[in-house]
Amino acid sequence: RQLHVRDTGSVDVDGDLFLELLGAIANRQRLSMDYYTASTGTFHEGRLIEPYVLARRGSSWLCVAHDPGKEAMRDFAITRMEAVQPADPGSNGGDYAIPDDFDPEIYFSGRFEALSGEEAHVVRLQVDADLAPYFQSKDYHRTQVIEEETAEGDLIVSYEVVGLEEIATFVQGWGPGARVLEPTALQ
C-alpha cells in the first residue's frame with residue numbers, strides 16, 4: 001500500500017519527487033527534506049521523515065509520514081517539499097518499519113479532505129432549495145446525510161468531520177445558499 005487515492009483528476013506534482021517518495025516507501029528509506037509549513041509560515045531545512053503512503057486528498061497529493069523529531073504522524077503536501085534525499089546516503093533502506101496496523105482508510109477516516117484537526121465535529125448545514133439537487137445527486141463526503149427537506153425545499157445536511165478548516169472552505173464555496181446550523185465555531 002504505497003498510494004491512497006479517493007477521487008481521480010489531474011494534479012500537478014514533480015514526477016521525479018513523486019518517484020523518489022515512492023522508492024523511499026517501498027524501501028523504507030528515511031528521507032531528509034526542506035519543507036514549508038503553510039500553517040505557521042515556517043521553512044524547515046533537513047527535516048527527517050519516514051514516509052508511509054502517498055495520498056491524493058481533494059486537490060492535493062500528500063506524503064503521510066512519521067516525523068521522528070515530533071514522534072508523530074504528519075501529512076506533508078508534496079508541492080511544499082524541496083531538496084528531498086535519503087537521510088543516510090549510504091543506506092539501501094530498511095531504516096524504519098511501517099506498523100502492521102497502519103491503514104490509510106482508518107488514518108483518513110472522518111476528515112473532510114486533506115487536513116486533520118484534533119477534534120471531531122458534527123456539521124449541520126441548511127442548503128437552499130436551488131442547491132438541493134447538487135446535494136441530492138452527489139455525496140461530497142462519505143458521512144454526508146440528508147437529514148430532512150423543509151417545506152420550502154431547503155435541505156438539512158450533516159457531516160461528521162475531524163477539523164473544521166477544510167469544511168469551512170467547502171461551505172464558503174456555496175456562498176449564501178449554504179448556512180451553518182452547527183457547530184457554533186464554524187458559524
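Arg47 and Asp67 are both buried (under 20% relative accessible area; exposed is over 50% and partly exposed lies in between, with a 1.4 Å probe and protein chains only). The model is predicted, so local features need pLDDT of at least 70 and side-chain atom pairs count only at pLDDT 80 or more, while totals for chains, interfaces and linings use all residues. Residues are numbered from 1 along each chain as its sequence is written, and side-chain values use heavy atoms, with hydrogens and water left out.

**Salt bridge Arg47–Asp67**

- The side chains of Arg47 and Asp67 form a salt bridge at 2.6 Å, N to O (a side-chain nitrogen of Lys or Arg within 4 Å of a carboxyl oxygen of Asp or Glu).
- This pair links distant parts of the chain, 20 residues apart: Arg47 is in strand E3 (residues 42-57) and Asp67 is in strand E4 (residues 60-67). Helices (H or I, at least four residues) and strands (E, at least two) are DSSP runs, numbered from the N terminus.
- Asp67 counts as buried because its relative accessible area is 3%.
- A polar atom of the Asp67 side chain lies 3.0 Å from the backbone nitrogen of Gly69.
- Leaving aside residues up to four places away in sequence, Asp67 touches Arg47, Leu48, Ala72, Arg74 and Phe76 (contact means heavy atoms within 4.5 Å).

**Other salt bridges**

- The whole structure holds six salt bridges.
- One of them joins the side chains of Arg124 and Glu147 at 2.9 Å, N to O.
- That pair also connects distant parts of the chain, with Arg124 in strand E7 (residues 120-127) and Glu147 in strand E8 (residues 145-149), 23 residues apart.
- Glu147 is classed as partly exposed because its relative accessibility is 38%.
- A further salt bridge, between the side chains of Arg179 and Asp154, has an N to O distance of 3.8 Å.
- Its partners are 25 residues apart and link distant parts of the chain: Arg179 is in strand E10 (residues 178-182), and Asp154 is in the loop between E8 and strand E9 (155-162).
- The two residues fall into separate classes: Arg179 is partly exposed because its relative accessible area is 33%, and Asp154 is buried because its relative accessibility is 11%.

**Strand E2 and its partners**

- Six of the seven residues of strand E2 (residues 31-37) are buried, leaving the strand mostly covered.
- E2 pairs with E3 in the antiparallel sense over six bridges (strands pair if DSSP finds at least two bridges between them).
- Met33 has Arg47 as its bridge partner in E3.
- E2 is also joined to strand E6 (residues 81-86) by four bridges, and the two run antiparallel.
- The bridge partner of Ser32 in E6 is Gln85.

**Sheet E8-E9-E7-E10**

- Four strands form an open sheet in the order E8-E9-E7-E10, with antiparallel pairing.
- E8 and E10 stand at the edges with a single partner strand each, so one side of each has no neighbour in the sheet.
- Neighbouring strands of this sheet are turned by 30° against each other on average, direction ignored. The axes are lines fitted to C-alpha atoms, for helices over the stretch in contact, and angles run from 0 to 180 degrees between N-to-C directions.
- Four bridges pair E7 with E10 in the antiparallel sense.
- Gln126 has Arg179 as its bridge partner in E10.

Definitions and conventions
Polar contact = N/O pair within 3.5 Å; in protein donor to acceptor, adjacent residues only side chain to side chain.
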